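Dear colleague,

Please read the notes with the model open beside them.

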Amino acid sequence: MNLATLMACATCGYSLTHHHDGDQVVYRHPVSEDGRHQPVPVAADLIGDVYDRCHICSGPRPVWNYHTAELEAQGIGGRREIIQTYNTRWHVCARCAQYFEADDPAGLTAASAAHMGWHPTSPRYAILSMVHRAIVLTREGRTLLTTTDWPPATLTPDMLPKIRDRLTGLLRGPAGLPDPLNALETRRVLAEHLDRAPLYWINHEFTDLINEVTRDQPPAPVTDRITPSPSGLVVWAHPTGTRGRIAAVSWTPHPGGWHLLGYRSIGAGLDADLMPTLRRDIGWLIPVHTDHIPRTTSISGSHPLGPLITTWLLMNQQMTDTTPATLPKATRNTYHRSQRPAPDVRLVRIKPPSTTPAGDPPTPTGGRTRSTPDHRYWVSGHERNQAYGPGRSLRKKIEVEPFLKGPDDKPIKLSTTVRVLGRRNPEPPTGDTPQ
Ligand SMILES: [Zn+2]
Ligand SMILES: [Zn+2]
């Protein structure tokens, strides 16, 4: 389930707030519906220029969704009485949220008015001040917004323990999360597994390969055979996924299968003075896709979390090697002081070329000779009979997961075309490679 789908009004292009009223999801325009048309909610991707900004200061990239009771402002003294009814959901940027958390509505008003060039003696200032006071002082909590488009943050393997600890902090913390993740038990179980999970860092070269080949990855059943550990967090050196926004995916055991959770990274493009609070309250990762995957479900590369399955498959076919990271002494000391085992960070890279190929995956050609392909391509998953026993006289059926075939004694050529066997018109794996 996608958690990053922003809903906007097809009529006016404003992003909409939503809340649940019983089983119904109610969409509303930001700030106030007064004098506006009925919202026409559609996925923001379907309309061009969507206005998705802080409801307080109009600044970019709202971070939090604050909840309030329904507020009404009454204008008295004019020719007629004006009653303005406000929304109960407020999308708020990191800058404005600082005033919320400091219970400082006056500071919030001063900053917003300065932004808009309003003078403190103007009547508008007085109204703004009253509304801000009501919002800040009567707020009932806040939920992390997972719909905001963030430029990716720069992540490094040294950061993995902290990235994980901030994520578990977010899961255990007071901030609300999108509905499918918000149940206390879900949050607790996730955090407990992540506390102990190995942390996998996929280096740049391997991430490039993942980006290149995920789209064409044939369906692969998700089983204990291809998961490198019962739970884990994979972080790629740069974002992956069809929309280039997945920075990391975690998997944790779930009855009958796994809970997969994809994240985007947050923080680039924010003023430096806001970073410490953001890193403390949220960290680096924001959930954008959640799925419960029953064991043996087949997942192809077109799945939103396809890059994880592709990463598992390539690790599983031993195309990569995984080494424990040497963490900075400060990190180890921090864990030691809090009596936690040292974090288990594993660096995953493509194996360097070897002159003695060993452990090659089984070939699907049944021993037929074929000239060596000059590129790599996916071979679909299949069953095959394997000889075993005395004189190799016995046969047993074994499952072969999809694997990437091609010479592994050469550097990876990313311009290489990847072809899938089993397509209707498969091109031969030899011949001219389109450039
Ligand atoms: Zn509208
Ligand atoms: Zn703001």
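Predicted model: local features only at pLDDT ≥ 70, side-chain atom pairs only at ≥ 80, totals over all residues.

Strand S2 (residues 17–21) and strand S3 (residues 24–28) run antiparallel and are joined by 5 bridges.

**The chain as a whole**

The chain holds 10 helices and 22 strands, and of its 435 residues 33% are buried. Among the contacts in the chain with a separation of 6 or more, 73% are between residues 24 or more positions apart.

**The seven-stranded sheet**

In an open sheet, 7 strands follow one another in the order S15-S14-S13-S12-S10-S18-S17, with mixed pairing. The edge strands, each of which pairs on one side only, are strand S15 (285–294) and strand S17 (320–324). On average, and with direction ignored, neighbouring strands of this sheet are turned by 20° against each other.

Inside the sheet, strand S12 (residues 232–240) pairs with strand S13 (residues 246–254) in the antiparallel sense over 5 bridges, and Val-235 stands opposite Ala-248 in S13. Helix H7 (residues 204–213) packs on the sheet, where it touches S10, S12, S17 and S18, and its direction makes about 80° with that of S12. Helix H4 (residues 160–172) lies across strand S10 (199–202), S12, S15 and strand S18 (345–350), and it runs at about 125° to S10.

Which residues touch the most other members of the largest nonpolar core? In this core of 74 residues they are Val-92, Cys-96, Ile-202, Val-234, Val-235, Ala-248 and Val-249. In soluble globular proteins, nonpolar side chains tend to be buried together. Leaving aside residues up to four places away in sequence, Val-234 touches Tyr-200, Ile-202, Ala-248, Val-249, Leu-308 and Thr-311.

Helix H9 gives the most to this core, with 6 residues. Because 10 of the 11 residues of H9 (residues 306–316) are buried, the helix is largely enclosed by the rest of the structure. The buried residues of H9 include Leu-308 and Thr-311, and also Trp-312 and Met-315. Just after H9, Gln-318 takes a positive phi of about 60°.

**Two arginines to look at**

Arg-61, in the loop between strand S4 (41–43) and strand S5 (64–67), has a positive phi near 55°.

Arg-392, which is found in the loop between strand S20 (382–388) and strand S21 (394–400), has a positive phi of about 50° although it is not a glycine. With 9 other C-beta atoms within 10 Å, Arg-392 is exposed.

With best wishes

Methods:
Residues numbered from 1 in each chain as written. Chains lettered and ligands numbered in written order. Buried ≥ 20, exposed ≤ 12 C-beta atoms within 10 Å, placed from the backbone. Helix = DSSP H or I, 4+ residues; strand = E, 2+ residues; numbered from the N terminus. Pairing = 2+ DSSP bridges. Axes fitted to C-alpha atoms, helices over the stretch in contact; angles between N-to-C directions. Contact = placed C-beta atoms within 7 Å. Core = buried A, V, L, I, M, F, W, Y, C linked by C-beta atoms within 7 Å.
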